[in-house]
Amino acid sequence: MVKFVDTELKSIQREIIRMWTLVYDQMERAKQAVMEFDKNVAKQITIRERLVDAFELKIDSEIEDFIALYTPVAIDLRFVLAMLKINNDLERIGDYAYSIARFVNESDAAGLDKELTERLRMEEMFSTVLEMMTSLRQSLEEMNPAHAISVIAMDDTLDSLNAESNTILVEYAKKDLEAIPLLMGLGSTFRKLERTGDHLTNIAEEIVFFIDAKIIKHTGSQEQE
């Protein structure tokens with residue numbers, strides 16, 4: 001019985017990794033779609049969005065069935081609950097990639113001002129998100145909470161870049177009023193990437209919780225007080 005339960009848990013983990021790979025690919029394509037303002041790449045993301053949604057439902061169902069059949073306790077229960085939450089966070093990240101792609105698809109602009117994207121440090125914003133995703137996947141595969149904890153600090157970079165982008169976009173809009181629709185889309189993209197960082201922080205906290213049974217949510221704010 002114990003061996004069978006372990007097999008089921010490993011199966012759930014493999015499904016989460018597959019979901020992770022799919023969502024990572026969506027976000028990587030979103031980066032390409034925006035940086036190159038490539039509508040063909042954006043359309044690929046749109047097409048694959050249904051697959052992300054279907055995967056999330058499939059994993060949710062498998063986890064619910066596992067809980068109902070085996071009533072797990074201790075680390076097994078922490079694991080399946082963490083996988084349930086991680087699955088939902090990954091689906092939300094997939095939604096953000098889809099929304100970014102929709103911005104590119106629906107924009108009338110021919111491309112982006114290279115100087116503007118450099119000032120915004122847009123490539124750094126996307127790269128930080130992708131690096132966080134890579135590190136967290138490694139943490140999950142190796143059951144290493146240290147990798148997860150290191151990712152949490154990276155969210156500060158996303159917060160900072162998002163805050164700085166607002167001033168830069170407003171300054172640009174004052175000089176080019178016709179670019180305002182495009183600038184609004186870029187602002188929305190930065191907010192979605194910042195929110196992606198929040199979801200990745202949630203994932204990091206879940207990984208630490210199920211491995212070490214430690215709750216690290218809100219630790220920073222409590223220390224500041």
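Is Glu-171 buried, partly exposed or exposed? Glu-171 is partly exposed, at a relative accessible area of 35%. Here buried means under 20% relative accessible area, exposed means over 50%, and partly exposed falls in between (1.4 Å probe, protein chains only).

## Basis

This is a predicted model: local features need pLDDT of at least 70, side-chain atom pairs count only at pLDDT 80 or more, and totals for chains, interfaces and linings use all residues. Residues are numbered from 1 along each chain as its sequence is written, and side-chain values use heavy atoms, with hydrogens and water left out.

## Salt bridges

A salt bridge puts a side-chain nitrogen of Lys or Arg within 4 Å of a carboxyl oxygen of Asp or Glu. The count under this rule is 14.

## Helix 1 to helix 2

Lys-58 and Glu-15 form one of these bridges, at 2.5 Å from N to O. Lys-58 lies in helix 2 (residues 39-70) and Glu-15 in helix 1 (residues 2-35), so the pair ties together parts 43 residues apart in sequence. Helices are DSSP runs (H or I, at least four residues), numbered from the N terminus. Glu-15 is buried at 8% relative accessible area, whereas Lys-58 is partly exposed at 39%.

Asp-25 pairs with Arg-48 in a salt bridge, with the closest N and O atoms 2.9 Å apart. Asp-25 lies in helix 1 and Arg-48 in helix 2, so this pair ties together parts 23 residues apart in sequence. Arg-48 is partly exposed, at 25%.

## Helix 4 to helix 6

Glu-171 meets Arg-119 in a salt bridge (3.1 Å, N to O). The pair links distant parts of the chain: Arg-119 in helix 4 (residues 114-120) and Glu-171 in helix 6 (residues 145-175), 52 residues apart. Arg-119 is partly exposed, at 39%.

Salt bridges with shared partners join Glu-15, Arg-18, Lys-58 and Glu-62 into one network.

Terms used:
Helices (H or I, at least four residues) and strands (E, at least two) are DSSP runs, numbered from the N terminus.
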